[in-house]
Each structure stands twice: as C-alpha cells, then as structure tokens.
Amino acid sequence: MPSKLDALNRWVDEVAARTRPDRVHWCDGSEAESRALTELMLKSGDLLELNQHTHPGCYLHRSDPRDVARVEKVTLICTKNEIDAGPNNHWMAPAEAHKKIDALFDGCMRGRTMYVIPYCMGPLGSPYARCGVEITDSPYVVANMRIMTRMGTAALERIEREGRFVRGQHSIGTLDPAQRWIMHFPEELTIKSYGSGYGGNALLGKKCHALRIASFQARSEGWLAEHMLIVGIENPRGEIHYIAAAFPSACGKTNLAMLIPPEGYRRDGWKVWTVGDDICWITPGKDGRLYAINPEAGYFGVAPGTSNKTNPNAVKMLDHDAIFTNVAVTADNDPWWEGLDDRKPVRDWQGRDYDPANGPAAHPNSRFTVRATQCPSWSPEAENPEGVPISAIVFGGRRKSLVPLVFEARDWTHGVLVGAGLASETTAAATDVGVNIRRDPMAMKPFCGYNFGDYFAHWLSFDRPNARLPKIFHVNWFRKGQDGKFLWPGFGDNLRVLEWMLKRVNGECGAVETPIGLLPHAEDLNTDGLHLADGALNTLLALEAEGWRAELQAIGEYLDGYGDRLPQDLRDELKNERTALEDVNESSLPQKKAATL
Ligand code: GTP
Ligand code: SPV
Ligand code: MN
C-alpha cells in the first residue's frame, strides 16, 4: 500500500546515493539517542565537557574559526525568475544552483553517518505548524535541532499524516569558505546547504525553513513568517497583552523576550511571559485579530553581554543542559564571555590560552542553545496550538543618533512604511555585510524568501474589512549621548516603553502628533526610579526634523530600488510624510516643550 512516507523515503535514498554515507540514522528524538550522540561527540572532540558540578549537561563546541556566523553573499534564493527573489536577495537560476551544489554533495558523506531529522516547526498539534526533514552529516546539528525544534518520532508521524514537508539537505563538507553555499528553492520547498556547520547556515529549521521558505509559503497562503520575538506583558490586574517585535540580528530580541521588570513594577505585580525570542508566524484569526505562534522550541542566543544584570533569566536557564558555541572558559571550566562577570577566562573561543592581544575571549557571535522551557519566564502559551493574540507590533534597530526611543505609527499603512524603512548598525551576526548602517526592512533583509516589493504588498493586504489589527511602533534602545554612552538604560527598563505602548493600545493616554508618527508626552513614560542623564529624556523623545528629512530621503531612495514591485500606497504614504515634514522647523516642535516641562 502506498504510504505518505514514500516520497520521503525516496528522497532519503536519493541523497544517500549521491553523498555515499557509511550509515544512515533516522533520528527518533529519544533520550537514549541523545546520550549516544553526546558520547560520540565527546570522543570525536565535537563537544567538550564543561564543569558538570556548576553546569550539569552543558557542553562546549568550537567551530572552525572560518565558520562563526551566517554568510549572506553565499545565501541564495533560487526562484525561477530573478525578479521574484528581488534586489533584497542574492539569486542563482535553480538549474545552475542545483548543479553547482550537487557536485559538492557528490560523495561528501563517505566515512560519515547521515542523520535524517524529521522536525516540526510549531506545536505538534497546531494547524499553523509546518514540518520539515533535515538530512545532515553533523551530529552537532542533530543535537541543536533536538533543542531548537520538536524533532523525532512525533514529527515523523505528522509528516506521515500530512505527506507534506520541507526538504533540507546539509553537509559540513570541508568547511572551506570558498566552497560554501546556503541555497533555497522556495518553489520546490527545498534547501541545500554545504560547507558550514554554524547556526543559521546549518540548523535548517531556523532561518532557512522558518523564515526564508516559510515567508514564501506564507505569502501564497495568507499569513506572515517574521523575525520577531513574542512576549506577554501581564499587568497588575492580571491581563496579559502579547507584543511581537522585530529587531535585526543581535539587536535585543532575546533580551526583550525574557526581560525582568524593574523593581517597582515587580512590586506592583507586573510579569513578563516569554513565548518566543526570534521567529514568529502570524495568522489572522476569525475574530479579525492577528495570532502568533513561535515555531521554535529553543533559543539560539547571543552569549556576549548576557549577565545577571542584563538578562538574569538567561543566566538561570543556562546553568544546565545547554550547548555553548565559541565561548571562552574559566579556570574552573565554566563557560565565560565578555560581560558575564569579572572572572578571568583561561582559554579563548579557539581553545588558545587567553591573551587579550588576540581579541575577545568569546567570539562576538558566540551563542548558547537551550530548550525554551528552561527559561524561568517561559509561557505555557508557547504550546497553544492557536497561538496568542497580538496587541502591538514593534520594529527597532541600533541607531546611535536621530531615532527616538519610541514612536507609534498612525495606522497600518504607515506602520508598514515604518517597518520597510527600518535600518540598523550592523553586528557580528553576519560576517560580510560591510556597511555601518543598512536598511533592514522588518529585520528581514537576510531572511525574506522573495522580493521585498511583493512582501510589503503582502503586509499591506492584512488591512482589510473586519480586521482588528495591532498598533505598530518603532523603538530604539541604542541612542547614544555625546560621551558615547547609551542614553537609555535598556534591558528590564524597556518595560517602561512597552507599558506606554499598552496604554496607547488601551486608549489610556494621548501622544504628540508629528509627521514621523506619534511620540510620547514625557509625563506618560514612567521614569520613576530611573537616573537618566540631564536632558537625556528630551533627546530620546525629540523629533530632529532636519535629520529626519535626510532619513526619509534615504528611505525613499532605498525603496525606489524595488521599482514597480513597490506598492503605490507606500510611495504615497512616504510622499505625504515628507511633505508634512517640510513644514516643520526644529523650534516649532511641541515635543520639545512637552519634554522639558
Ligand atoms: P539574534 O539572536 O542574533 O537574532 O539577536 P537578538 O536580536 O536576540 O539580540 P540579543 O537579545 O541577543 O542582544 C544582542 C546584544 O545586544 C547583546 O549583547 C545584548 O546584551 C545587547 N542588548 C540587548 N538589549 C539591549 C538594550 O536594551 N540595551 C543595550 N544597550 N543593549 C542591549
Ligand atoms: C540571527 O542571526 O538572527 C540568529 C543567529 O538568530 S542564526 O541562527 O545564525 O541566524
Ligand atoms: Mn535572530
């Protein structure tokens, strides 16, 4: 009798015939399998044991030093027509791409085991979840996929029921950067990745499937796959509002998702619930609201900067059963990174004796992998098959000047423009970006599987009769003063800004209308117990008209790059905003007066 697994079995046989592994192992996701894999990796040196008294079940992995982050130039979207991938992506014709990468896959698993990993992105029983199968020759990838996804027998059973899955084929190859490709074939629901064992290049459920392929599918199916955290904010009345926020890589998603409220807020009964820290799939519900699920089951978070001061929940969740990649170690064999505490590392991320002359002890993009449920603020709603209703959508980036702490978009179309104009200083999360500030619409520049022009149109299409859409905001935690220090304390204190947003959502406070959007009245932002520098709040909430005129011009030039795929509504919105801004001079701003009162 034909089974819905026939296609999967055939594909696995084909890949094995090409790559020639010594063995094929189908992952069941069991404890026994995980233990055996850990043993194997400890023997091969893929994993090193960390201090098992302070960190039971924790291991260190050191990557090849040439393989420490995503590489965007070799990350391709291979649609039939180049224009469908858009100017936001690197493109290659599918036939040429398959040929190139298949030649590298030829015989590449000789002497190795080929692992077949069935996985589910999203709660196993959710109608919004989607399955995939990753084939890989890296046991480190298997161990990470086990933490990051619902992997093994249950996922295979769902695939057998549905007969539908995304195909991901991965080999670390020789790890030679000159022979590295991360290719996506959205029209074939297929991913082929060769030559990297690192994070988003190799854990194919994450950026490759849950963003690039999923965003492509989402467009035709009427939903959104976004680079967003999902956090629940519970107020003293016990009401929980969920916020989804898109910040580019290494710009604060994990931190915001698990923030600890400032002391006064804690006393008053505020609580924070973590649903997701990186990826969010959004679908309109029957009631017109947008509902979000986190397709992931773990966090692959940035280590440097994580400490008891900045992110105590993360420190707590990392004291057992975690994989650390490219961090340093202390004399006690504890994992260590810059910003953790004032102990001294003894070995750096490459295993060398620590010498400050060699740079940071932990790689700036060093990471931890840990099960979501280990986070003290983990929300059981992360398992809700229907997802959580979204009250606010937030965009933000790292901007040391110009961009205010927070502003609200006038409406959905304006919000889409605000998202489309998002820009950020670049970070260590990708190695080859090479500019200081780049446009990163909706924080999806490296992750959208199709033309951004079409993507903006898809976003706009959610504004339809009977929709009850969330408000859209823009934030910037990274504004600096003339002394080069951050003006805003950030981290837990960001809850003050989220509280302002929720007041706006509930109609509990007004705002200052400006051409770029609605700015807070200074007195509506709770700064009790904060010690901001003199004039800091004024700067954080001011509209710098001159600078914004240049910013909107830059946004316009950027968006023009999408030619006739750019929706006319966005062009019109930007034009109106620019016209309104022409009439504003710095001294006429009500905001400055409000902020200094
Ligand atoms: P990816 O996992 O790459 O997508 O990163 P992310 O967006 O989850 O960023 P993450 O929360 O890991 O933060 C990245 C870096 O920014 C860390 O070094 C943090 O310590 C720092 N950071 C996060 N939030 C804040 C903030 O509110 N203020 C300041 N100054 N730094 C922050
Ligand atoms: C990011 O860069 O946004 C990450 C890390 O979350 S990776 O999985 O490598 O993409
Ligand atoms: Mn991310």
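Which strands and helices do the buried residues of α16 pack against? The views below start there. This is a predicted model, where local features need pLDDT of at least 70, side-chain atom pairs count only at pLDDT 80 or more, and totals for chains, interfaces and linings use all residues. Residues are numbered from 1 along each chain as its sequence is written, chains are lettered from A and ligands numbered from 1 in the order in which they are written, and side-chain values use heavy atoms, with hydrogens and water left out.

**View 1. Helix α16 and the elements it packs against.**
Helix α16 runs through residues 545-560; helices (H or I, at least four residues) and strands (E, at least two) are DSSP runs, numbered from the N terminus. Its 16 residues reach 22 Å from the first C-alpha to the last, close to the expected 22 Å, a span worked out as 1.5 Å times one less than the number of residues. Look for the buried ones: Ala545, Trp548, Glu551, Leu552, Ile555, Gly556, Tyr558 and Leu559. They cover an arc of only 165° around the axis, so they sit on the same side of α16; the arc is that of the directions from the helix axis to the C-beta atoms. An α-helix has 3.6 residues a turn, so residues three or four places apart point the same way. Over on the other side of α16, Glu546 and Glu557 are exposed. Here buried means under 20% relative accessible area, exposed over 50%, and partly exposed in between (1.4 Å probe, protein chains only). And the answer to the opening question: the buried residues pack against β25 (406-408), α12 (412-420), β27 (437-439), α13 (452-460) and α17 (568-582).

**View 2. Arg399 meets Glu551 of α16.**
Arg399 belongs to the loop between β24 (388-396) and β25, and it is buried at a relative accessible area of 8%. Its side chain makes a polar contact of 3.0 Å with that of Glu551. A polar contact is a pair of N or O atoms within 3.5 Å; within protein, one must be able to donate a hydrogen and the other to accept it, and residues adjacent in sequence count only if both atoms are side-chain atoms. Leaving aside neighbours within four places in sequence, Arg399 is also in contact (heavy atoms within 4.5 Å) with residues including Ala423, Ile437 and Phe478.

**View 3. Ligand 2 and its surroundings.**
Among the residues around ligand 2 are Arg70, Gly200, Lys207, His227 and Phe447, where near means that a heavy atom lies within 4 Å. Zoom in on oxygen atoms of the ligand: one is 2.4 Å from a side-chain N or O atom of Lys207, and a backbone N or O atom of Gly200 is 2.8 Å from an oxygen atom of ligand 2. A polar side-chain atom of His227 lies 3.3 Å from a ligand oxygen. The protein covers 98% of the 280 Å² of accessible area that ligand 2 has on its own, with areas from the Shrake-Rupley method and a 1.4 Å probe; for residues, only the protein chains shown count as cover.

Most residues other than glycine have a negative phi. Leu189 is partly exposed at 25% relative accessibility, whereas Asn326 is buried at 0%.
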